[in-house]
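These are my notes from going through one structure, entry by entry.

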Amino acid sequence: MKKAALFDLDGVVLDTEKQYSHIWNIVGQQFHPELSHFEMIIKGQTLKQIFASYFPNVAQQAVVTQMLNEYEANMKYEYIQGAELFISTLRTQGVLTALVTSSNNAKMNNVYNALPNFHNLWDFVVTADLITHSKPNPECFLLGAQKLGVLPSECVVFEDSLHGLQAGKAANMKVVGLATTYQRSTVATIADVVIDDFDNQSVTDLMR
């Protein structure tokens, strides 16, 4: 088996993508009505990158930040079906695990408060605060591998967004795509393997 598994957060470990689609749709309609499906355009990117690309105005950034902070403080943080057991099983079998997310530390504090045992799933957590370039740049996954002390070829990435899937491939890692955000046919154009969730998934098969 591969030595390490690197997981995106939203839409992979936690069932939060629909909630984020809702808030970013509101943001898009308010600030960028000329862009269709703004919530899909920015998926997988850090807030810093989104601001750089779409919100150069500092006043707008402040408004969007406040909207997100208030929304995230009241979100439901629930696991994708089978995710917690799958990750726990990986760890019992000696596979290293890292969370590699475009979320910042402030968002992660909300997750930790909602799920007190979440820390125990990971050997390392890469957040947006630790990287310079957003997905599809592979920096975040390469940093995750470095922190775990493994080679990129020894890693499997679990992702749902197109930017995340592309980042995993650019890092030269095996990519397992979750069809939680996009159609299976779309995910399959990038991922090596496509799954709907982690329920009844074989650790041996996916980590091969």
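**Backbone**

I started at the end of helix 8, where Asn-172 follows with a positive phi of about 65°. The model is predicted, and I read this angle as a computed one. Asn-172 is not a glycine, and I placed the residue in the loop between helix 8 and strand 5. Is Asn-172 buried or exposed? Asn-172 counts as exposed because its relative accessibility is 61%, and the cut-off for that class is over 50%.

I then noted His-37, another residue other than glycine with a positive phi, here near 55°. His-37 sits in the loop between helix 1 and helix 2. With a relative accessible area of 52%, His-37 is exposed. For reference, most residues other than glycine have a negative phi, and most peptide bonds are trans.

I also looked up peptide bonds and noted the one from Lys-135 to Pro-136, which is cis with omega near 20°. Pro-136 belongs to the loop between strand 3 (124-126) and helix 7.

I went back to helix 8, residues 162-170, and listed its buried residues: His-163, Gly-164, Leu-165, Ala-167 and Gly-168. What do the buried residues of helix 8 pack against? Their partners are helix 2 (38-41), helix 7 (139-148), strand 4 (155-159), strand 5 (174-178) and helix 9 (184-187).

Ser-161 is in the loop between strand 4 and helix 8. I have Ser-161 down as buried because its relative accessibility is 2%, where the class requires under 20%. Setting aside neighbours within four places in sequence, I found Ser-161 in contact with Lys-43, Gly-44 and Tyr-182. I also checked a distance: from Ser-161 to Leu-151 is 23 Å, C-alpha to C-alpha, for 10 residues of sequence separation.

**Nonpolar cores**

The largest nonpolar core has 45 residues. Among those with the most contacts inside this core are Phe-7, Val-13, Trp-24 and Phe-118. Helix 1 gives the largest share of the core, 5 residues. Another core lies apart from it, with 25 residues, including Ala-4, Leu-6, Phe-141 and Cys-155. As background, nonpolar side chains in soluble globular proteins tend to be buried together.

I looked at Phe-55 separately, as one of the residues with the most contacts inside the largest core. Leaving out residues up to four places away in sequence, Phe-55 touches Trp-24, Val-27, Phe-31, His-32, Phe-38, Ile-50, Gln-60, Gln-61 and Val-64.

**Aromatic pairs**

I searched the whole structure and got 14 aromatic pairs. Phe-31 and Phe-55 make one that is edge-to-face, with 5.6 Å centre to centre and 85° between the planes. Why does this pair tie together parts that are 24 residues apart in sequence? Phe-31 lies in helix 1 and Phe-55 in the loop between helix 3 and helix 4, so the pair bridges that separation. Phe-31 counts as buried at 18% relative accessibility, and Phe-55 counts as buried at 0%.

The rings of Phe-158 and Phe-198 are tilted, because their planes are at 50°, with centres 5.7 Å apart. Phe-158 is in strand 4 and Phe-198 in the loop between strand 6 (193-195) and helix 10 (203-206), so this pair ties together parts 40 residues apart in sequence. I have Phe-158 as buried at 0% relative accessibility and Phe-198 as buried at 3%. Both belong to a cluster linked by ring pairs, along with Phe-7, Tyr-79, Phe-86, Tyr-112, Phe-118 and Trp-122.

**Pockets**

How much space lies in the largest pocket? I got about 550 Å³. Its lining has 34 residues, and Gln-45, Thr-46, Leu-47, Ser-102 and Ser-103 lie nearest its centre. Helix 1 (17-31), helix 3 (47-54) and helix 4 (58-72) each supply at least two lining residues, and helix 3 supplies the largest share, 5 residues. By class, I have the lining as 9 nonpolar, 13 polar and 12 charged residues.

The second largest pocket holds about 150 Å³ of space. Its lining includes Gly-11, Asp-15, Lys-18, Met-40, Lys-43 and Thr-181. Helix 1 contributes the largest share of this lining, 3 residues. I sorted the lining into 3 nonpolar, 5 polar and 4 charged residues.

Notes
Residues are numbered from 1 along each chain as its sequence is written. This is a predicted model: local features need pLDDT of at least 70, side-chain atom pairs count only at pLDDT 80 or more; totals for chains, interfaces and linings use all residues. Side-chain values use heavy atoms; hydrogens and water are left out. On a 1 Å grid over the protein atoms alone, a cavity is a set of points where a 1.4 Å probe fits but cannot get out, and a pocket is an open set with protein on both sides within 12 Å along at least five of seven lines; lining residues have an atom within 4 Å of a point. Grid points are joined across faces, edges and corners, and a volume is the space filled by probe spheres set on the points. Helices (H or I, at least four residues) and strands (E, at least two) are DSSP runs, numbered from the N terminus. Ala, Val, Leu, Ile, Met, Phe, Trp, Tyr, Cys and Pro count as nonpolar, Asp, Glu, Lys and Arg as charged, and the others, Gly among them, as polar. A nonpolar core is a set of buried Ala, Val, Leu, Ile, Met, Phe, Trp, Tyr and Cys residues joined through side-chain atoms within 4.5 Å. Buried means under 20% relative accessible area, exposed over 50%, partly exposed in between (1.4 Å probe, protein chains only). Contact means heavy atoms within 4.5 Å. Rings of Phe, Tyr and Trp (its six-membered ring) pair if their centres lie within 6.5 Å; planes under 30 degrees apart count as stacked, over 60 as edge-to-face and the rest as tilted.
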